[in-house]
Amino acid sequence: MKAVPSALSRRLQGSIAYRAGDGAQVGRETFDLCSHPGGHILRALCVLDDVDLLRDVTLSLAHDWRPQEGYCRVTRGGRTEGVLWCRVEPDGVRVDSSIAGEAAPQQFIPTEAPLPYLGLHPLQGDALIVEQRGTDDPGRFRPIATVTNSVSPNGDEAIGGRLMTIDAAYVGAEEIEVAAGRFAARRYALRWREDWPAADLWVRAQDNLFLLMRWSLIETWYELAEWSEA
């Protein structure tokens, strides 16, 4: 029997543990990051048990990891609090949304250039910002424009399209150990607001696989628990 060629060139699947300060697991994120000849697709389900929150996210990205479309649904206690769908255009981002089941007016958020990053709050999605920051000029924060569904840490407050800037710095190469194993890593610092401390993010050295995030603003921290690659 002749083998059928795969439409995917790479597929990363994994689970990220959300942990309280004492290490107890308070949630999880499962993700599926697929690469194909025309770009990439990320699907993520984020389960925050401690606040009874579900976040369902899909991102479509071009070959250079720039966003094309994004979808996010936030559900709390079985009730959908908000749904957001973003389409990136050459001069802005078009956003359709509904809040508590009621359709909101369509937004068009103008940008000076095609948006380089779309922040809808999954951790593997946070890790994709490293594709736009790179590793040059270590220690220097570089502003990266983004549209997000919420500026709150859990992505569940004042849901709607928001244009903002994330300051990202490459810190350096490190070797770290998480629940999923020991990895050669790249470390970054991400700052979402000037009055917030930067979060520390580690990704696998050769790509953008999420490994670890710690942020002094909140007690919860996050580590890769399981992963597979095909």
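Leaving aside neighbours within four places in sequence, which residues is Ala7 in contact with? In this predicted model, where contact means heavy atoms within 4.5 Å, Ala7 is in contact with His36 and Pro37 once those neighbours are set aside. Because the model is predicted, local features need pLDDT of at least 70 and side-chain atom pairs count only at pLDDT 80 or more, whereas totals for chains, interfaces and linings use all residues. Residues are numbered from 1 along each chain as its sequence is written, and side-chain values use heavy atoms, with hydrogens and water left out.

Ala7 is placed in the segment before strand E1 (10-19), where strands (E, at least two residues) and helices (H or I, at least four residues) are DSSP runs numbered from the N terminus. With a relative accessible area of 59%, Ala7 is exposed; on this scale exposed means over 50% relative accessible area, buried under 20%, and partly exposed in between, for a 1.4 Å probe and protein chains only. The C-alpha atoms of Ala7 and Cys34 are 9.9 Å apart in space, although 27 residues separate the two in sequence.

Beyond four places in sequence, His40 is in contact with Cys34, Ser35, Leu59, Ser60, Leu61, Ala62, His63 and Trp65. The side chains of His40 and Ser35 are joined by a polar contact of 2.8 Å, a polar contact being a pair of N or O atoms within 3.5 Å of which, within protein, one must be able to donate a hydrogen and the other to accept it, and residues adjacent in sequence counting only if both atoms are side-chain atoms. His40 is buried, with a relative accessible area of 9%.

The loop between E3 and strand E4 (53-62) holds Asp52, which is partly exposed at a relative accessible area of 48%. The phi of Asp52 is near 55°, a positive value in a residue other than glycine. Most residues other than glycine have a negative phi. A positive phi, near 50°, is likewise found for Asp137, which lies in the loop between helix H2 (130-133) and E11 and counts as partly exposed at 36% relative accessibility.

The cysteines were examined for disulfides, defined as pairs of cysteine sulfur atoms within 2.5 Å, and the count comes to 0. Cys72 is in no disulfide, the nearest cysteine sulfur, that of Cys46, being 7.9 Å away. For Cys86, the closest cysteine sulfur is that of Cys72, at 8.7 Å, which is too far for a bond. Cys72 is buried, with a relative accessible area of 1%, and Cys86 is buried with a relative accessible area of 1%.

Strand E6 (residues 79-89) contains Val88, which counts as buried at 16% relative accessibility. Apart from neighbours within four places in sequence, Val88 is in contact with Pro67, Gln68, Val93 and Leu115. The C-alpha atoms of Val88 and Asp136, 48 residues apart along the chain, are separated by 27 Å.

The largest pocket has a volume of about 510 Å³. A pocket is here an open set of points, on a 1 Å grid over the protein atoms alone, where a 1.4 Å probe fits, with protein on both sides within 12 Å along at least five of seven lines, and lining residues have an atom within 4 Å of a point; the volume is the space filled by probe spheres set on the points, which are joined across faces, edges and corners. The lining comprises 31 residues, of which His121, Pro153, Asn154, Trp215 and Tyr222 lie nearest the centre of the pocket. Strand E10 (117-119), helix H1 (123-127), strand E11 (142-148) and strand E12 (162-178) are the elements that give two or more residues to this lining.

Two of these elements can be followed through single residues. In helix H1, Ala127 is buried, with a relative accessible area of 0%, and its contacts beyond four places in sequence are Leu201, Val203, Asn208 and Phe210. In strand E12, Met164 is buried, with a relative accessible area of 17%, and is in contact, beyond four places in sequence, with Ile144, Ala145, Thr146, Thr148, Val151 and Trp192.
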